[in-house]
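Subject: Structure for you to look at

Hi,

Here is the structure I said I would pass on. Have it open while you read, and I'll walk you through what turned up.

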Amino acid sequence: MAGKGYSTGAAAADYDNDGWVDLFVTGLTSNTLYRNRGDGTFEDVTSRSGLGAVDPKNGPMWSVSAGWLDYDNDGYLDLFVSSYVAWTPRADRCWMEGGHYFYCHPRVYQPLPNRLFHNNHDGTFTDVPESSGISRSLGKAMGVAFGDFDGDGLPDIFVTNDSIPNFLFENLGNGRFREEALDRGVAYAFHSNAIGGMGADFRDFDDDGLEDIALDGMYFDTFPLNRNLGRTKSFSDETVPRGLAQATHELTGWGMGMFDFDDDGDKDLFFAASHFTGSGSRGRSDAALPNHVLRNLGNRWFDDVSALAGRDFQIPGVHHGAAFADFDNDGRVDVVVITVNSYTKLFRNGIPAAGHWIALRLVGTRSNRDGLGAPVRLTPPTSAFQYNHATTAVCYVSSSEPLVRFGLGPYEEAKEIQLRWPSGRVQAPRGIRGDRVLTIRERSN
């Protein structure tokens, strides 16, 4: 994979159901699809897949994040690509300080439509932004995350926008979406302003069976946490009452994720942090920041525990993308963070008092091979339910492991794991031993 042009982000998943993880790379003027041959090499199949086609109305567009989802539950992964702004090098000359031009504000540039590609089951894709309704909303998109906020079995799409209202595309079925962010309460932050949205995660942080939305943005924006209210199909902004406004007011966040880092049964928040580079009134001379972790205390409050995360974690950097996986198979989620103009950082999770855990590797047969989109409910021996779902679309310009993870706290096993495949099949194994990766294969009957 030699690469080409100016690349921005990546999305990993098995789009052709052959058992090998493929890679889609976004870029400033073009994108690339690398098909995994299964022998340790990748093949550039962008042209023949149809993903290299230029948008007929807008020409080459700046793609930032991307994510794989099966929006019609037909067993094959489709692709969503976020588009930023109509940018050209000559247009990026707004202010000069110290003899150098500085970044223009996003308001200077025209917005663009996002793109949605349907998987044709034969290695090719069809661009369906108009028939799906996705292209009706012009934005300045950065991060993307998938979840089923209304519990109808169809994945919905949340998109963070830079300094304009966010998007929530409700999946109506039959390949159609409707943008609902304003009506559902996730377009703006609690202070009624659009933020410079970056990364996002779409998970159930309070384990009430309803998937919530967390995102980050610029300093003084604060990082919104939106709680799903269920029956009204709307969200309440929990940023202030959950402690996030206080903890994030001075931060600029990029990549972020919602994971149970200490395996106590409650999902925590990680933010890859840094301000924009620059000086004087247009930027921040203190661009480098340490990353931040907010622990979910399980009592309606998140506590900033970054100072306890170790000496290496305190080293500032211009951190942007972040990906999450258990790299050493010890049951604790680790984080790899991309640092601008510097080395990539791999933070090994060494929390000494972490609880028991279980991770599920899903293998779809009728559903997509990775089982992406499958919601999972775990029942511990004596405590309340926990909820999660399979996705690799987490964060900002990044892709994470597809395993579905749960912290078990003091319990060595789960009483039951109920899994609903995208095909509609339900499996519910019982008496599951913890502290391992369990492979669950979709039953054919």
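**Spaces inside, and what surrounds them**

About 50 Å³ of space lies in the second largest cavity. Keep in mind that this is a predicted model. The residues lining that cavity are Arg203, Phe259, Asn388, His389, Thr391, Glu401, Leu403, Val404 and Arg405. Strands E30 and E31 each put at least two residues into the lining.

The largest cavity has a volume of about 140 Å³. It is lined by 18 residues, and the closest to its centre are Asp260, Asn388, Arg405, Phe406 and Gly407. Strands E21 (253-259), E30 (386-389) and E31 (404-409) are the elements that give two or more residues to this lining. Six of the residues lining the largest cavity are nonpolar, five are polar and seven are charged.

Start with threonine 391, one of the residues lining the second largest cavity. You'll find threonine 391 in the loop between E30 and E31. Is it buried or exposed? Its relative accessible area is 6%, so threonine 391 counts as buried. Its side chain reaches the backbone nitrogen of alanine 393 at 3.1 Å. Setting aside neighbours within four places in sequence, threonine 391 is in contact with Phe146, Arg203, Leu372, Glu401 and Pro402.

Next, go to phenylalanine 324, in strand E25 (residues 319-325). Phenylalanine 324 counts as buried because its relative accessibility is 1%, and the cut-off for buried is under 20%. Leaving out residues up to four places away in sequence, phenylalanine 324 touches Met256, Gly257, Phe259, Phe261, Phe270, Val333, Asp334, Val335, Val394, Cys395, Ser400 and Glu401. For a sense of scale, phenylalanine 324 and glycine 139 are 185 residues apart in sequence and 27 Å apart in space, going from C-alpha to C-alpha.

**The nonpolar cores**

The largest nonpolar core has 32 residues, and Trp68, Leu360 and Leu362 have the most contacts inside it. Among the elements that give two or more residues to this core are strand E1 (7-13), strand E5 (63-69), strand E28 (356-363), E31 and strand E35 (436-441). Leucine 362 is worth a click too: apart from residues up to four places away in sequence, leucine 362 touches Arg369, Asp370, Gly371, Ala374, Ala390, Val404, Leu419, Trp421 and Ile440. There is also a second, separate core of 28 residues, which includes Tyr84, Val85, Phe259 and Val397.

Of the 26 residues lining it, the closest to its centre are Val293, Ala309, Phe313, Asn349 and Ile351. Which strand gives the most to the lining of this pocket? E27 does, with three residues. Strands E22 (268-273), E23 (292-296), E26 (334-339) and E27 (345-347) each supply at least two. The lining of the second largest pocket has 15 nonpolar, three polar and eight charged residues.

Over to you!

Notes: Residues are numbered from 1 along each chain as its sequence is written. This is a predicted model: local features need pLDDT of at least 70, side-chain atom pairs count only at pLDDT 80 or more; totals for chains, interfaces and linings use all residues. Side-chain values use heavy atoms; hydrogens and water are left out. Helices (H or I, at least four residues) and strands (E, at least two) are DSSP runs, numbered from the N terminus. Buried means under 20% relative accessible area, exposed over 50%, partly exposed in between (1.4 Å probe, protein chains only). Contact means heavy atoms within 4.5 Å. On a 1 Å grid over the protein atoms alone, a cavity is a set of points where a 1.4 Å probe fits but cannot get out, and a pocket is an open set with protein on both sides within 12 Å along at least five of seven lines; lining residues have an atom within 4 Å of a point. Grid points are joined across faces, edges and corners, and a volume is the space filled by probe spheres set on the points. Ala, Val, Leu, Ile, Met, Phe, Trp, Tyr, Cys and Pro count as nonpolar, Asp, Glu, Lys and Arg as charged, and the others, Gly among them, as polar. A nonpolar core is a set of buried Ala, Val, Leu, Ile, Met, Phe, Trp, Tyr and Cys residues joined through side-chain atoms within 4.5 Å. A polar contact is a pair of N or O atoms within 3.5 Å; within protein, one must be able to donate a hydrogen and the other to accept it, and residues adjacent in sequence count only if both atoms are side-chain atoms.
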